[in-house]
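Keep the 3D view open and click on each residue as you read.

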Amino acid sequence: MKNKYIFRSKISEAKFRQIVKLFVLDLDATQISQIIGVSRITINRYLMAIRERIAGFCEAESPFQGEIEVDESYFGPRRVKGKRGRGAGSKTIVFGMRKRNGKVYTEIVPDCSKSTLQSIIRGKVELDSVIYSDNWHGYDGLVDVGYDKHYRVNHGKNEFVNGKSHINGIEGFWGYSKSRMSKHRGVHKKYFYLHLKECEFRYNYRNEDLYQKILKILRENPLFLS
């Protein structure tokens with residue numbers, strides 16, 4: 001069956017386009033299955049494959065340049081009593097950066113150490129950029145590695161905005177992502193990365209036609225479901 005978006009497709013191109021349209025509308029696999037008459041298990045396979053292509057597209061985005069906000073956030077169950085510190089308990093730690101009036105990039109990290117955070121920044125942010133962060137010690141020394149313009153806000157002292165120094169944009173993205181994921185009644189760790197990248201993609205292209213954007217990605221890199 002001919003379908004330019006999937007190799008050896010078992011469904012028509014028209015039906016697959018319908019799946020993509022409903023995915024863009026943020027319907028879940030059960031809802032899509034009921035609407036188009038394909039099993040939920042099959043729909044889930046298509047949705048995960050689409051998320052994999054979206055994730056790959058996001059990872060290939062160009063380095064950031066300009067005014068960049070950086071921050072970390074923690075996804076998962078509430079903190080376990082008695083455990084303290086960033087990412088305490090079984091939470092997943094995510095590092096993110098956002099270009100002001102631009103796009104977001106996210107990455108799951110094992111910890112919030114200086115070496116972990118700064119290695120990502122150095123790989124993704126041009127040296128002539130302006131970086132805004134909070135006062136976490138993981139950002140100490142950015143000036144020493146070439147980022148001459150690094151400005152901070154001290155959340156520990158209830159300072160959230162100091163002139164142009166703030167990280168409100170990336171913090172807004174964290175709120176958006178957690179709200180979206182809560183609709184899934186919890187995302188399994190196995191699939192968390194794909195859902196995170198879906199949030200990133202939806203946020204970055206929220207002012208564009210997501211349906212056409214996804215179809216273009218899939219035309220250039222069709223799905224292969226064995």
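1. Let's start with α6. This is a predicted model, so every value below is computed from predicted coordinates. Twelve of the 16 residues of α6 are buried, so this helix is largely enclosed by the rest of the structure. The buried ones are F192, L194, H195, L196, K197, E198, C199, E200, F201, R202, Y203 and N204. Notice that the list includes K197, E198, E200 and R202, which count as charged.

2. A quick check on the geometry of α6. With 16 residues at 1.5 Å a residue, α6 should span 22 Å, and its end C-alpha atoms sit 23 Å apart, so the two values agree.

3. Now zoom in on H195, which belongs to α6. Is H195 buried or exposed? Its relative accessibility is 7%, and buried means under 20%, so H195 counts as buried. Leaving out residues up to four places away in sequence, H195 touches M48, R51, M181, H184 and V187.

4. H195 also turns up at the largest pocket. That pocket holds about 400 Å³ of space. It is lined by 18 residues, and those closest to its centre are D28, A29, R51, H184 and H195. So which elements give two or more residues to the lining? They are α2 (29–36), α3 (40–59) and α6 (189–204). The biggest contributor is α3, with five residues. By residue type, the lining splits into six nonpolar, six polar and six charged residues.

5. Next, α2, one of those lining helices. Its buried residues are A29, I32, S33 and I36. Looking down the axis of α2, these buried residues fall within an arc of 100°, so they line one face of the helix. The spacing makes sense if you recall that an α-helix has 3.6 residues a turn, so residues three or four places apart point the same way. The cover over the buried residues of α2 includes α1 (13–24) and α3.

6. Helix α4 (residues 114–124) is another one to look at. Buried here are T116, L117, Q118, I120, I121 and K124. What do the buried residues of α4 pack against? The partners are α3, β2, β3 (92–99), β4 (104–109) and β5 (130–133).

7. K124 leads us to P63. You'll find P63 in the loop between α3 and β2 (67–75). With 48% relative accessibility, P63 counts as partly exposed. P63 and K124 are 61 residues apart in sequence, but C-alpha to C-alpha they are 4.6 Å apart in space. Setting aside neighbours within four places in sequence, P63 is in contact with K124 and E126.

8. A49 is part of helix α3, and at 10% relative accessibility A49 counts as buried. How many residues separate A49 and L223 along the chain? The count is 174, yet their C-alpha atoms are separated by 6.7 Å. Ignoring neighbours within four places in sequence, A49 is in contact with L223 and L225.

9. Two loop residues have backbone angles worth a look. D26, in the loop between α1 and α2, has a positive phi of about 75° although D26 is not a glycine. N101, in the loop between β3 and β4, also has a positive phi without being a glycine, near 60°. As for accessibility, D26 is partly exposed, with a relative accessible area of 25%, while N101 counts as exposed at 80%.

10. Finally, step back to the whole chain. There are seven helices and seven strands. Reading from the N terminus, the order is β-α-α-α-β-β-β-α-β-β-α-α-α-β. The chain has 226 residues, and buried ones make up 46% of them. Among contacts with a separation of 6 or more, 58% are between residues 24 or more positions apart. The A49 and L223 pair, 174 residues apart along the chain, is one you can find for yourself in the view.

Definitions and conventions:
Residues numbered from 1 in each chain as written. Predicted model: local features only at pLDDT ≥ 70, side-chain atom pairs only at ≥ 80, totals over all residues. Heavy atoms only, no water. 1 Å grid on protein atoms, 1.4 Å probe; cavity = no way out; pocket = protein on both sides within 12 Å on 5 of 7 lines; lining within 4 Å. Points joined across faces, edges and corners; volume = space filled by probe spheres on them. Helix = DSSP H or I, 4+ residues; strand = E, 2+ residues; numbered from the N terminus. Expected span 1.5 Å × (residues − 1). Buried < 20%, exposed > 50% of the residue type's maximum accessible area, 1.4 Å probe, protein only. Arc of directions from axis to C-beta. Contact = heavy atoms within 4.5 Å.
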